[in-house]
Amino acid sequence: MGTEMTGASSLVKSLEAAGVEVMFGIPGGAILPAYDPIFDSSIRHILVRHEQGAGHAATGYAQVTGRVGVCIATSGPGATNLVTPLADAQMDSVPLVAITGQVPSAAIGTDAFQEADIRGVTMPITKHNYLITNPDDIPRAIAEAFHIASTGRPGPVLVDIAKDALQKMTNFSYPKSIQLAGYKPQIEPNAEAIRDAVALIMSAKKPVLYVGGGIIKANASKQLMQLAELTGAPVVTTLMARGAFPDSHHLHLGMPGMHGTVAAVTALQKSDLLITLGARFDDRVTGKLSSFAVHAKVIHADIDPAEIGKNRFADVPIIGDLAHTLNALIPALQSEFKKNKPDLTVWWRQMASLRATYPLGYDTPPDGMISPQHVIERIGAIAGPESIFVAGVGQHQMWASQFVKYERPRSWLNSGGLGTMGYAVPAAMGAKVGAPDTTVWAIDGDGCFQMTNQELVTCALNNIPIKVAIINNESLGMVRQWQTMFYEGRYSNTSLDSKRIPDFVKLADAMGCAGLRCERPEDVDAVIKEAMSINDQPVVVDFRVFRDAMVWPMVAAGTSNDEIMIARGLAPDWDSQEL
Amino acid sequence: MSTHTIAVLVENSPGVLARVASLFSRRAYNIDSLAVGPTENPDISRMTIVLNLDGHVLDQVMAQLYKLVNVIAISEMTDEATIKRELLLVKVEIGTKKSEIESVVAKFGATIVNDDDGFLTVQALGEPARIEKLLEDLTAFGIKELVQSGLVALERGSAALSDRTLSAQGISTLHELGTQADYQN
């Protein structure tokens, strides 16, 4: 028998037992009983200004620390405000536990005040979820939620608890072990699959390491480095994998996909073997699927069996934790390489030529205007690779992926799968809470910033001094770019006028942050340095940039990667390339 | 496209049917029929799901189902290895053709379970193809209404889906169960 206490105390004790150090949330009627023991708990509770902020903050915290992020909200609107961050975390495989209050069990199903069937709502956007109506079930549900969120392919788990279950008395006893009948992630790779993978690598002339976010989730960057240097194969890192392999490394061709480098996109297209590590053949990487890497065999290593064959047939599937998979693959390859190592000289000559001919770059804007790419590049260079960079969604996100140089895992956060505008400010807040001694830059758009900037108040009040660069092109920039390209420049509802309203400097000031503005190209470095020098409060910099800058290269949606453009209407000169 | 039947053992917990239905809906898999019921273990329910899809999509459906935490075991029920049955209740107007109807019913080994108000209710239990043929023959007499259960299937011989859980090995508490499926996530 455990100790007698309320369900609410049992919840908080369970969260403590699960090792929670911080949670982000807002109280309300149904969750109110839990907030009483939270008052006395060792767990730091950060009171956010909107539940969506709590969810993205928990994600930022989780992505930076590798731990489970926790958010908490009340029933009804509190819970539905978590829907976007839960869907976001599900798409990007982020370990989250969301606690929501529910109306009392007797009122469930009666359309009671602030009632929403959040278990039903979140079923398709969580890894698993619970509705608890009996206080005795709370510790087990919490223990299972943390286990499910953090193991296998990570993901969000929601625990909805009826108010009366929080109020009633129960005996607290945290489970010592968890075994779920239907949940047993495979960690160790199959030995035969490793042998088959080695055989494919031995016979490949044009292999590519196609690296996804799974490498970061599995903390397998070291093994990736070993594998890359062992094979000498080109490496591409997807949007979710930026930082998994150093950008400075000579084997790195950069990011593949819609806005990837010509070398990375072409390497995948022309490859004869994709060594796929924790990536999922997303449409933004493959382009038109039927024309993607048509000559390549595929090794697909992932912890989620459902990713195998989902979009692309895998010749050799390897189910398992990537760290374990690479730990098995590397020695197996080493012993084969002693006998005979594939010669990649020709392949590298082609790739090196592409990399040299088509580096990432951008046009200089008209005189006196600031280039958004330049701002982002300079923030990356001045803050350095030890900093953490968090982007919103849109042009600035792609530029932040392209022009900041990442050297270590968990230094780049963004909403890759769901593409959640408004992610940056709250996620940066969570990242800074997880890594308080690290500089955290949110690189945001003026559109994104206006969706979630209220969390700067949370940052200011809770000593979470993040830095926010608003790449202010007074537009929904990526949508505007598509309108330029595909809608004859008819800019329907993409102009935000945010160089007029709001005044971001005043807004920053009103929210307890330092507000800076940069309007001239020659001031960019000085303003970034000034922002870097302010560490006792959040900083917001309004970078007023050239409106018509575009993200290049680009593979238009639904077209083949072979149709990559390096500028408007301009394809690479394939005839001059030996491919 | 072809028809496939899968049997799924699930934890008998609230919302589990909604989870399965939600999965099929959001992944755009079409269900031809679905039957759910209790099993020899009160903690476990069994679903029999009939799907019309391409063979390689079946692997994906099964892998996606395995991702549901409440799903314990899955197996394809092939025609060769399993017994498949459907139940049909069909209401036919007697008119002047009672003896003809009775002979059709007899031919298919079906039974008349109700004779009232000028209508016969016929009950048939059998393989889907046989049920379909019976319905074709009865259509001539005018079908007032019919109801069909989803298909259920059980493996022939000693094979059992429940062997894939550890309950057969004497571990009965649900949360101590493991699974012997090749992969689970």
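Before we start, residues are numbered from 1 along each chain as its sequence is written, while chains are lettered from A and ligands numbered from 1 in the order in which they are written. Since the model is predicted, local features need pLDDT of at least 70 and side-chain atom pairs count only at pLDDT 80 or more, whereas totals for chains, interfaces and linings use all residues.

## Chain A as a whole

Let's begin with chain A, whose secondary structure comes to 23 helices and 20 strands. Helices (H or I, at least four residues) and strands (E, at least two) are DSSP runs, numbered from the N terminus. How does the radius of gyration of chain A relate to the globule rule? The radius is 24 Å, close to the 25 Å that the rule gives for 579 residues, so chain A is as compact as a globular protein of that length. Here the radius is taken over C-alpha atoms, and the rule is 2.2 Å times the number of residues to the power 0.38. The C-alpha trace of chain A spans about 75 × 60 × 40 Å along its principal axes.

## Records and buried helices

The table sets out the spans with their computed make-up.

| UniProt annotation (unreviewed entry) | Residues | Helix and strand | End C-alpha atoms |
|---|---|---|---|
| Thiamine pyrophosphate enzyme N-terminal TPP-binding | 5–117 of chain A | 42% helix, 19% strand | 27 Å apart |
| Thiamine pyrophosphate enzyme TPP-binding | 392–543 of chain A | 40% helix, 16% strand | 15 Å apart |
| ACT | 5–79 of chain B | 32% helix, 41% strand | 9 Å apart |

A residue is buried if 20 or more other C-beta atoms lie within 10 Å of its own, exposed if 12 or fewer, and partly exposed in between, with C-beta atoms placed from the backbone. Helix α1 (residues 7–17) of chain A has nine of its eleven residues buried, including G7(A), L11(A) and K13(A). After α1(A) comes G19(A), with a positive phi near 90°.

Helix α17 (residues 395–403) of chain A has nine of its nine residues buried, so this helix is largely enclosed by the rest of the structure. H396(A), W399(A) and F403(A) are among these buried residues. What do they pack against? Their partners are α16 (372–383), β15 (388–391), β17 (440–445), β18 (467–472) and α21 (477–486) of chain A.

## The nonpolar cores

In soluble globular proteins, nonpolar side chains tend to be buried together. A nonpolar core is a set of buried Ala, Val, Leu, Ile, Met, Phe, Trp, Tyr and Cys residues joined through C-beta atoms within 7 Å. The largest core in this model has 214 residues, and V211(A) is one of those that touch the most other members. Leaving aside neighbours within four places in sequence, the contacts of V211(A) include L224(A), V236(A), F245(A) and L277(A). Another core, of twelve residues, lies apart from it, with V92(B) and L134(B) among its members.

Chain B has four helices and nine strands. Its assigned domains are domain 1 (2–81 + 158–176) and domain 2 (82–148), and 31 Å separate their centres, taken over C-alpha atoms. Buried residues make up 31% of the 185 residues in chain B; in chain A they make up 58% of the 579 residues.

Where the chains meet, 29 residues of chain B are in contact with 24 residues of chain A. On the chain B side, α1 (16–26), α2 (55–67) and β4 (71–76) each supply at least two residues, and the largest share, seven residues, comes from α2(B). This side divides into eleven nonpolar, twelve polar and six charged residues. For these classes, Ala, Val, Leu, Ile, Met, Phe, Trp, Tyr, Cys and Pro count as nonpolar, Asp, Glu, Lys and Arg as charged, and the others, Gly among them, as polar.

Definitions and conventions
Contact = placed C-beta atoms within 7 Å. Domains from an automatic or database assignment. UniProt positions renumbered as here; feature names shortened; annotations may be inferred.
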